[in-house]
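Student: I'd like to learn how to read features off a model like this one. Could we go through it together?

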Amino acid sequence: MNNREIHRMDVSIIIVNYNTPEMVIDCINSIQTQTKEISYEIIVVDNGSRDDSLVIFKDKLSDIATVINVGENLGFGKANNLGAKYARGDYLFLLNSDTLLVNDAISLLLQFLTDHSEVGVVGGNLYTTDMTASPSFCMRFDDVAAVKKRFGLEVCSEPDNQKSKNCRNRR
């Protein structure tokens with residue numbers, strides 16, 4: 001058995017940093033405060049920050065998180081994939097550096113996955129600073145034709161399509 005197999009845990013939390021060390025510290029503090037029922041590790045992937053992120057992390061995170069210094073900006077996806085290579089958890093939890101947990105979300109999501117083996121991916125609810133529900137994803141196109149081309153779908157926001165059966169069903 002290798003070292004990774006011996007020290008398994010429930011969840012590996014991966015946070016990608018690019019010049020946001022204070023946000024990462026606040027995010028990790030919220031993880032430590034809110035996450036109660038599971039074993040976890042925190043992996044911070046520094047995506048070529050040009051500020052003093054690595055110095056701050058060495059000072060404040062040396063006993064809390066594994067910090068990976070990429071040395072260049074790989075982009076969000078590749079940085080998460082790199083973090084996953086270091087992960088020892090049974091599950092991966094990708095967390096943006098500007099996120100603050102307000103409850104034991106990681107344990108709740110893990111429990112849902114455990115109870116529903118047919119599910120492969122889950123995401124939590126997002127809220128603004130005033131606790132208003134916030135969408136987790138938004139794509140904006142200034143050109144309706146771009147939407148049609150990109151997704152090959154009927155666009156329900158066009159006036160001629162408002163009465164279409166497909167548009168009514170998607171609302």
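Student: Let's start with one residue. Is Asp90 buried, partly exposed or exposed?

Tutor: Partly exposed, because its relative accessible area is 49%, and the exposed class begins over 50%. Keep in mind that this is a predicted model.

Student: Which residue forms a salt bridge with Asp90?

Tutor: Arg8 does, with the closest N and O atoms 3.1 Å apart. Arg8 sits in the loop between helix H1 (3-6) and strand E1 (9-17) while Asp90 is in strand E4, so this pair ties together parts that lie 82 residues apart in sequence. Arg8 is partly exposed as well, because its relative accessibility is 40%.

Student: How many salt bridges does a search of the whole structure find?

Tutor: The search gives 2. Besides Arg8 and Asp90, Glu41 and Arg88 bring their side chains together, again at 3.1 Å from N to O. Glu41 belongs to strand E2, and Arg88 to the loop between helix H4 (76-86) and E4, so here the linked parts are 47 residues apart in sequence.

Student: Where do Glu41 and Arg88 fall on the accessibility scale? Start with Glu41: buried or exposed?

Tutor: Glu41 is buried, since its relative accessibility is 7%. Arg88 is partly exposed, with 25%.

Student: Let's zoom out. How many helices and strands does the protein have?

Tutor: There are 7 helices and 6 strands. Reading from the N terminus, the order is α-β-α-β-α-β-α-β-α-β-β-α-α. Of the 171 residues, 33% are buried.

Student: How do I read the sides of a helix?

Tutor: Now take H4, where Ala79, Asn80 and Gly83 are the buried residues. Their arc around the axis is only 100 degrees, which puts them on the same side of H4. Lys78, Asn81 and Lys85 are exposed, on the face turned away from that buried side.

Student: And which residues are buried in helix H3 (residues 53-60)?

Tutor: Ser53, Ile56 and Phe57. Looking down the axis of H3, you find the buried residues within an arc of 100 degrees, so they line one face of the helix. Val55, Lys58 and Asp59 are exposed on the other side of H3.

Student: Now backbone angles. How should I read a positive phi?

Tutor: As something to check, since most residues other than glycine have a negative phi. Asn19 is a case here: its phi is positive, about 60 degrees, though it isn't a glycine. Asn19 is in the loop between E1 and H2, and it counts as partly exposed because its relative accessible area is 29%.

Student: Which residue has its C-alpha atom 8.3 Å from that of Asn19?

Tutor: Gly48, which is 29 residues away along the chain. You'll find Gly48 in the loop between strand E2 (40-46) and H3. Gly48 is buried, because its relative accessible area is 15% and the buried class is under 20%.

Student: What is phi for Met131?

Tutor: Near 65 degrees, so that's another positive value in a residue other than glycine. Met131 is in the loop between strand E5 (126-127) and strand E6 (133-134). With 47% relative accessibility, Met131 is partly exposed.

Student: Last topic, surface patches. Which residues make the nonpolar patch of about 310 Å²?

Tutor: Met131 comes back here, together with Val102 and Tyr127. Val102 is in the loop between strand E4 (89-96) and helix H5 (105-115). Val102 counts as exposed, because its relative accessibility is 52%.

Student: What about charge? Which residues form the negative surface patch?

Tutor: Glu22, Asp26, Asp51 and Asp52. One of them, Asp26, is in helix H2 (residues 21-34). Asp26 is partly exposed, as its relative accessibility of 43% tells you.

Note on methods: Residues are numbered from 1 along each chain as its sequence is written. This is a predicted model: local features need pLDDT of at least 70, side-chain atom pairs count only at pLDDT 80 or more; totals for chains, interfaces and linings use all residues. Side-chain values use heavy atoms; hydrogens and water are left out. Patches are made of residues with over 30% relative accessible area and no salt bridge: like charges are joined within 9 Å, nonpolar side chains (Val, Leu, Ile, Met, Phe, Trp, Tyr) within 5 Å. Accessible areas come from the Shrake-Rupley method with a 1.4 Å probe; for residues, only the protein chains shown count as cover. A salt bridge is a side-chain nitrogen of Lys or Arg within 4 Å of a carboxyl oxygen of Asp or Glu. Lys and Arg count as positive and Asp and Glu as negative; His and the chain ends are not counted. The place of a charge is taken as NZ of Lys, CZ of Arg, CG of Asp or CD of Glu. Helices (H or I, at least four residues) and strands (E, at least two) are DSSP runs, numbered from the N terminus. Buried means under 20% relative accessible area, exposed over 50%, partly exposed in between (1.4 Å probe, protein chains only). The arc is that of the directions from the helix axis to the C-beta atoms.
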